[in-house]
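Let's take a walk through this protein together.

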Amino acid sequence: MTKTRRSFFSWTRNLMAAGGVAGLAPAAEAAVPTVDYYDKLGVTKIINAAGTYTALTASTMPPQVRAAVEAAAKSPVRLAELQQKSGEYIASRLKCEAAMVTAGASSALTLGTAACMTVGNRAAVALLPLEVSGLKNEVIIQKGHRYGYDHAISNCGARFVEVETLDDYEKAFTPKTVMCHFFNAAEHGQISREDWVRVAHAHGVPCFNDAAADVPPISNLWAYTLMGFDLVTFSGGKGIRGPQNAGLLLGRKDLIEAATWSSSPRDETVGRGMKVAKEQIVGMVAAIDWFLSQTDEGMQAEFRARAERIAARLKDVPGITREIFVPPLANAIPHLLIRYDQSKVRIKPLDVSAAMRAGTPSIELNPATGRRSGSAGLPNAQDALIVGVWMLQPGEDIIVANKLREVLLKAT
Ligand SMILES: *Cc1c(COP(=O)(O)O)cnc(C)c1O
């Protein structure tokens with residue numbers, strides 16, 4: 001046998017051993033070893049006792065979602081068909097007229113704004129963001145709702161008009177008004193959601209609600225579109241636990257269609273860089289199925305039980321008080337707030353965070369720990385530790401509790 005023939009036969013034998021040539025691909029793939037690239041790259045895996053913070057990679061996908069992503073990765077499809085059918089499915093599950101998967105809530109803000117600026121005028125899509133002088137481009141917003149995601153809106157060439165009172169709001173409309181924007185978890189601002197929608201609609205202007213971080217409760221996924229908001233966004237990688245680079249844009253059919261005009265794969269649009277791959281689209285749909293299979297009571301009880309288990313292990317720390325609190329709107333799930341007698345336990349909350357981070361495994365407490373103000377709804381924790389329990393994996397609550405106990409008792 002020649003060398004070539006021999007290597008051909010051994011190649012065939014290997015293929016047969018791995019599951020054969022035709023139609024048996026899954027068996028062949030099962031033989032592929034999993035490489036842990038975090039380990040290979042030397043990246044530290046953490047215990048997330050913080051919450052759904054983007055810088056900490058937010059949430060982890062449940063097994064059902066990971067399996068759907070994995071399955072989607074195997075087959076090419078026609079992107080337009082996947083976008084359309086996933087949008088219809090999401091809209092039917094979330095009780096809204098239309099929906100699309102975006103590359104996160106921030107992308108949804110950009111695409112939704114682009115939609116309001118171009119609806120009924122597709123040729124205008126290519127004018128954003130620089131040549132908008134002939135387009136409506138004023139976005140009305142309450143002064144107290146200005147926030148870190150403003151850029152996602154101004155990226156379209158839109159500019160903000162700030163209002164404070166209901167009277168200001170009524171008087172702020174001009175022929176250039178294109179959208180009224182609402183930040184759902186804002187801690188300031190005196191105009192209610194209902195008034196926001198009513199006045200906008202009286203002027204024929206669409207309104208957008210950014211509710212990115214505001215599930216659970218599950219019913220928020222339809223509460224705001226049913227309230228009359230024309231567009232609503234949720235982040236896919238926070239409480240819903242889809243892919244971190246996915247999100248939802250929900251709302252009026254004509255606006256969702258106009259949002260697709262400005263998005264990938266279409267070139268010469270503000271959204272071309274906000275590409276959502278098939279894996280993320282499918283992962284987002286699977287995450288909605290997973291999230292809707294949960295109950296608010298079940299999630300709250302599980303998170304409360306974790307917080308209680310951690311609290312119980314800290315009972316002999318001098319002067320300790322342990323409080324479970326639920327922020328009012330964003331991240332509205334049980335968090336554990338811990339205070340202790342700092343004259344007896346001589347370590348500052350920020351130093352506790354640092355010690356937890358430096359340990360093995362490395363643990364991240366909620367970033368509001370030791371700070372006067374955190375993200376929406378978290379209390380002043382300048383003298384306190386905050387443990388966010390909802391992104392912990394099974395069993396990690398005990399690891400967090402034991403390490404906290406060790407760090408605090410060591411300082412006595
Ligand atoms: C997290 C967040 C966003 C951005 O969400 P991504 O999915 O990360 O793009 C936008 N708005 C608010 C209020 C948020 O909390």
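**A guided walk through the model**

Pro129 sits in the loop that runs between α6 (105-118) and β3 (138-142). Keep in mind that this is a predicted model. The peptide bond leading from Leu128 into Pro129 is cis, with omega near 5 degrees. Pro361 belongs to the loop between α14 (349-358) and β11 (362-365). These bonds deserve a look on screen, as most peptide bonds are trans.

Now turn to phi. Most residues other than glycine have a negative phi. Ala58, though not a glycine, has a positive phi of about 55 degrees, and so does Lys95, with phi near 55 degrees. Ala58 is placed in the loop between β1 and α4, and because its relative accessible area is 4%, under the 20% limit, it is buried. Lys95 lies in the loop between α5 (79-93) and β2 (98-102), and at 47% relative accessibility it counts as partly exposed.

Next, step back to the overall layout. The domain assignment gives domain 1 (63-292) and domain 2 (296-410). Their C-alpha centres lie 33 Å apart, and 15 residues of domain 1 are in contact with 12 residues of domain 2.

Where does the largest pocket lie in relation to these domains? Both domain 1 and domain 2 give residues to its lining, so the largest pocket lies between them. It holds about 800 Å³ of space. Of the 25 residues lining the pocket, Tyr38, Thr57, Ser59, Thr60 and Gln393 are the closest to its centre. At least two lining residues come from each of α3 (37-41), β1 (46-49) and α4 (63-74), with β1 giving the largest share, three residues.

For a last stop, find Asn220 in helix α10 (residues 220-227). Is Asn220 buried or exposed? Its relative accessibility is 9%, so Asn220 counts as buried. Beyond its neighbours within four places in sequence, Asn220 is in contact with Asp214, Val215 and Phe234. With Asp214, you can look for a particular atom pair: a polar atom of the Asn220 side chain lies 2.7 Å from the backbone oxygen of Asp214. Phe234 is 14 residues away from Asn220 along the chain, and the C-alpha atoms of these two residues are separated by 9.6 Å.

Conventions
Residues numbered from 1 in each chain as written. Predicted model: local features only at pLDDT ≥ 70, side-chain atom pairs only at ≥ 80, totals over all residues. Heavy atoms only, no water. 1 Å grid on protein atoms, 1.4 Å probe; cavity = no way out; pocket = protein on both sides within 12 Å on 5 of 7 lines; lining within 4 Å. Points joined across faces, edges and corners; volume = space filled by probe spheres on them. Helix = DSSP H or I, 4+ residues; strand = E, 2+ residues; numbered from the N terminus. Domains from an automatic or database assignment. Buried < 20%, exposed > 50% of the residue type's maximum accessible area, 1.4 Å probe, protein only. Contact = heavy atoms within 4.5 Å. Polar contact = N/O pair within 3.5 Å; in protein donor to acceptor, adjacent residues only side chain to side chain.
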